[in-house]
Amino acid sequence: MKGLVIRGSRNIFTVQIEADGAGAAARKEIRCRFKGKILKEAEGVYNPLAPGDMVIVEIDPNHAGTGQIIALEKRRNVFSRFNQKGGTPQLLAANADLVLCLTTAASPPFRPRFLDRVLLQADTAGIPPLVICNKSDLNIDDLDVEERLEEFHRLGYRVLRISAKTGAGLDELRELIAGKCSVLIGQSGVGKSSLINILLRDSRVREGAINEKYDRGNHTTTMSLMLEFSGNGNRMTRLIDTPGIRRFVPYGIAAEELVLHMREFAPLAGTCTYGLSCSHRVEPGCRIMEAVAAGVIHEDRYNSFLRIHDELAGKNHAD
Ligand SMILES: Nc1nc2c(ncn2[C@@H]2O[C@H](COP(=O)(O)OP(=O)(O)OP(=O)(O)O)[C@@H](O)[C@H]2O)c(=O)[nH]1
Ligand SMILES: [Mg+2]
Ligand SMILES: [Zn+2]
């Protein structure tokens, strides 16, 4: 039978299955391991399955609430990053409809280059992103932050300002995520879990044990985990909470292709005098450096581009 991975470590996964009957009441969770050898797709990654993965499970008739995973369904997309500690890619979510890139103007400090990286990964994965600046209740009027948020808006990203504490700005967000599966990405402390908590609380309709267990207070999230609620029209809205990431190293992008995945750079790809061999650092006739000088490409974005390019090309940089 088919199941949806809700959470998992390396080898034990919580899988939601449809038991007899229909609708939310019939959904239940079972704990699963892989049957036999690890899946072929899972070799060489930090974690073989992520929340959002669809799997085929066999219920264990002898142990209630347990089963075995026998196959992984083809994925629509994956949102990953490179886990430097483990030296492997790490899957944060599978089959997501939206990436919610969470940031704050302060506490923790605004880090636009982190956003550049998450937006890049979302583009590569083919998942539309939203930029969300949380903690608007702190009333930080920082012109630099505003300028960068405005820049993301100018590039065509939707930018929302919200407070997971007061609920400000959440109506618009609720509309945008309704009936979809969204993965929340951001540094530790930006309020990913707080945002999920307030959305669940406000949905009033609480279904399924996963949500009951969720109110964990101010604890650091250590594992990706999916939560859900049914909103208007009974459409399931799903949210994937992820652990805070200190340094986001993009994964699955070749250095030469980076230019194609940053919106304002893409139209200039290959147009420099030295064509595709231009490093965009020193060459005369570099259209990208010209665009930076003309203010068409923001200097911060250009710096992000150079650093990420070095990283993807195997040169290390602390960002
Ligand atoms: N003032 C204010 N504080 C907030 C807001 N949202 C979250 N916080 C606080 O910020 C702190 C961190 O919130 P979390 O929700 O745990 O952050 P997180 O992004 O899940 O962090 P990790 O799990 O470590 O990645 C907590 O003390 C929250 O109460 C907000 O909108 N305004
Ligand atoms: Mg958290
Ligand atoms: Zn160039």
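**Group meeting: helices, core and loops of a predicted model**

Let me start with helix 2, where the buried residues are Arg148, Leu149 and Phe152. These three cover an arc of only 100° around the axis, which puts them on the same side of helix 2. On the other side of that helix, Leu143, Glu147, Glu150, His153 and Arg154 are exposed.

Staying with helix 2 for a moment, the element runs over residues 143-154, and its 12 residues reach 16 Å from the first C-alpha to the last, close to the 16 Å expected at 1.5 Å a residue. As for what its buried residues pack against, the partners are helix 1 (112-125), strand 9 (129-134), strand 10 (158-161) and helix 7 (299-312). The helix is followed by glycine 156, whose phi is positive, near 105°.

Just after helix 7 comes glycine 314, with a positive phi of about 95°.

Now let me step back to the chain as a whole. The protein chain comes to 7 helices and 13 strands, and of its 319 residues, 35% are buried. If we take the contacts with a separation of 6 or more, 64% of them are between residues 24 or more positions apart.

As a general background, nonpolar side chains tend to be buried together in soluble globular proteins. In this model, the largest nonpolar core has 61 residues, and the members that touch the most others are Val99, Cys101 and Val183. Helix 1 supplies the largest share of this core, 7 residues. To take one member in detail, valine 183, leaving aside neighbours within four places in sequence, is in contact with Phe79, Leu92, Ala93, Ala96, Val99, Leu100, Ile240 and Thr242. There is also a second, separate core of 5 residues, and Cys278, Cys286, Ile288 and Ile297 are among them.

Next, the loops. The one between strand 8 (98-104) and helix 1 holds phenylalanine 110, and proline 108 lies in that loop too. Is phenylalanine 110 buried or exposed? It has 21 other C-beta atoms within 10 Å, and since the cut-off for buried is 20 or more, phenylalanine 110 is buried. Apart from its neighbours within four places in sequence, phenylalanine 110 is in contact with Thr103, Thr104, Ala105 and Val145.

Serine 107 and proline 108 are joined by a cis peptide bond, with omega about -5°. Asparagine 95, in the loop between strand 7 (88-94) and strand 8, has a positive phi, near 55°, and is buried, with 23 other C-beta atoms within 10 Å. Histidine 280, in the loop between strand 13 and helix 6, is not a glycine either, yet its phi is positive at about 60°; with 20 C-beta neighbours inside 10 Å, histidine 280 counts as buried.

Leucine 276 is also placed in the loop between strand 13 (236-241) and helix 6 (287-293). Leucine 276, however, is exposed, because 10 other C-beta atoms lie within 10 Å and the cut-off for exposed is 12 or fewer. Leucine 276 and glutamate 256, 20 residues apart in sequence, are 8.1 Å apart in space, C-alpha to C-alpha.

Finally, the ligand. How many residues surround ligand 1, and which are the closest? There are 20 of them, and the closest are Gly191, Ser193, Ser194, Thr221 and Gly244. By class, this shell divides into 4 nonpolar, 12 polar and 4 charged residues. The largest share of the shell, 3 residues, comes from helix 4, which runs over residues 192-203.

Key: Residues numbered from 1 in each chain as written. Chains lettered and ligands numbered in written order. Predicted model: local features only at pLDDT ≥ 70, side-chain atom pairs only at ≥ 80, totals over all residues. Near = placed C-beta within 6 Å. Helix = DSSP H or I, 4+ residues; strand = E, 2+ residues; numbered from the N terminus. Nonpolar A, V, L, I, M, F, W, Y, C, P; charged D, E, K, R; others polar. Contact = placed C-beta atoms within 7 Å. Expected span 1.5 Å × (residues − 1). Arc of directions from axis to C-beta. Core = buried A, V, L, I, M, F, W, Y, C linked by C-beta atoms within 7 Å.
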